[in-house]
Amino acid sequence: MKLLDGAVDHGGSLGRARALFPSAPLPFVDLSTGINPHSYPLFNLPATSLSRLPEAGRARELTEIAASTYSAPSPANVVAAPGTQILLPRVASLVRPGKALVLGPTYAEHARAAAIAGHQVSEVSDFAALADADLAIIVNPNNPDGRVIERDRLLALAAGLRARGGLLVVDEAFMDVGPRQHSLAGDVDQGGIVVLRSFGKFFGLAGLRLGFALSDRPTVELLQRQFGPWAVAGPALDYGIRALADIGWQDAMRASLAEAAARLDALFGRFGVPVVGGTTLFRYISLPDGAGLFSALGERGILLRHFNDRPFVLRAGLPGSEVEWERLESALAEWAARREDQSKGSKQ
């Protein structure tokens, strides 16, 4: 069991990348996030999207479409928010301060949010240990390794927690590209469950700030009262309504991402870099000299996600263009050649 404290480091900061690698060629190829590099097509927004307060009818339309897309029991089981990040401490506050257990290693903001809500927070690696929590938090599929917990195991855990007044929070930020049969979105009416869904990652519009919490009706009503009116900005409403309803785009994008992930695995494999997990939005790498690979690629303007407490693992997102694929291939080839030269030198 690992106690959690301190600041949280995230991928996606080009300012940090420039500080780490000041001599790297620009622009950076930012593979440090799990955000889709092929965003939902941009379109012209009506002027009223910015000049007027959002209409309540548009907010209802968004939750109706979200409920259908995510297979929630009804729109009354969905609350929209300006990104899932802002939901984390509010959801953690749904149970009185106690023992919060996070199945890890995983996205670090959950632990920080639970601590803000007053919980004593620990990270555990054993799923069974979560049964002892007042607040149990699971990312499914997991970030960064792509681990998936089956739906029946999650429901059994939720039932045990519910009987003691506890809460299971399942962050399904990457379930759009995961095995959707293991989503708990359709089970939230049972109570004691909150499912979080992110809009920005799969649709590639992280800056729009849109996310959802799915739960039983009393919990959704409580969260809605906390946010009050106009919680979601007009542009986010317009993009959310159109993109979530565009099932054709979603299905085609899932197929395209699967092809790109397979291509990335093959590219890494050519240079002896083992991919051991992930989703089709990011790949999870484990090798003894992970820190060396991170630095070597960073010096060439290729930014991966590294983890200070696990220097042997990396996470790599998908290149967004052929130019980025070529830069990654060239940087890997240079790294592999230098490593081979060093190996030969050590044997002489």
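Reader: Where is the place of Pro141?
Author: Pro141 is in the loop between E6 and H6. Helices (DSSP runs of H or I, at least four residues) and strands (DSSP runs of E, at least two) are numbered from the N terminus; strand E6 is 135-139 and helix H6 is 151-163. You are looking at a predicted model, in which local features need pLDDT of at least 70, side-chain atom pairs count only at pLDDT 80 or more, and totals for chains, interfaces and linings use all residues. Residues are numbered from 1 along each chain as its sequence is written, and side-chain values use heavy atoms, with hydrogens and water left out.

Reader: What is the omega of the peptide bond from Asn140 to Pro141?
Author: Omega there is near -5°, and the bond is cis. The peptide bond from Asn143 to Pro144 is also cis, with omega near 25°. Pro144 is in the loop between E6 and H6 as well.

Reader: Why is the pair Arg112 and Glu109 called a salt bridge?
Author: A salt bridge is a side-chain nitrogen of Lys or Arg within 4 Å of a carboxyl oxygen of Asp or Glu. The N to O distance between Arg112 and Glu109 is 2.7 Å, so the pair qualifies. Both residues lie in helix H5, three residues apart, about one turn of the helix. In general, an α-helix has 3.6 residues a turn, so residues three or four places apart point the same way.

Reader: Are the two partners buried or exposed, or something in between?
Author: They fall in separate classes: Glu109 has a relative accessible area of 7%, so it is buried, while Arg112 has 39% and is therefore partly exposed.

Reader: What do the buried residues of H5 pack against?
Author: They pack against H4, E4, E5, E6, E7 and E8. Besides Glu109, the buried residues of H5 include His110, Ala111, Ala113 and Ala114.

Reader: How do you know that Arg151 and Asp187 form a salt bridge?
Author: Their side chains meet at 2.8 Å, N to O, which is why they pass the rule. The pair links distant parts of the chain, with Arg151 in helix H6 and Asp187 in the loop between E7 and E8, 36 residues apart. Arg151 has 32% relative accessible area, so it is partly exposed, and Asp187 has 7%, so it is buried. The rule gives a count of 15 salt bridges.

Reader: Which other salt bridge does Arg310 give you as an example?
Author: Arg310 pairs with Asp309, the closest N and O atoms being 3.5 Å apart. Arg310, at 13%, counts as buried, and Asp309, at 46%, as partly exposed.

Reader: What is the nearest side chain of opposite charge to Asp216?
Author: That is Arg162, 7.8 Å away. Lys and Arg count as positive and Asp and Glu as negative, while His and the chain ends are not counted. Asp216 is buried yet has no salt bridge.

Reader: What makes the link between Asp216 and Thr219 a polar contact?
Author: Their side chains come to 2.8 Å. A polar contact is a pair of N or O atoms within 3.5 Å; within protein, one must be able to donate a hydrogen and the other to accept it, and residues adjacent in sequence count only if both atoms are side-chain atoms. Asp216 itself sits in the loop between strand E9 (211-214) and helix H8 (217-227).

Reader: Why is Trp230 called exposed?
Author: Its relative accessible area is 52%, so it lies beyond the limit for exposed. Trp230 is in the loop between H8 and helix H9 (234-245), and its phi is near 60°, a positive value in a residue other than glycine.

Conventions:
Buried means under 20% relative accessible area, exposed over 50%, partly exposed in between (1.4 Å probe, protein chains only). Contact means heavy atoms within 4.5 Å.
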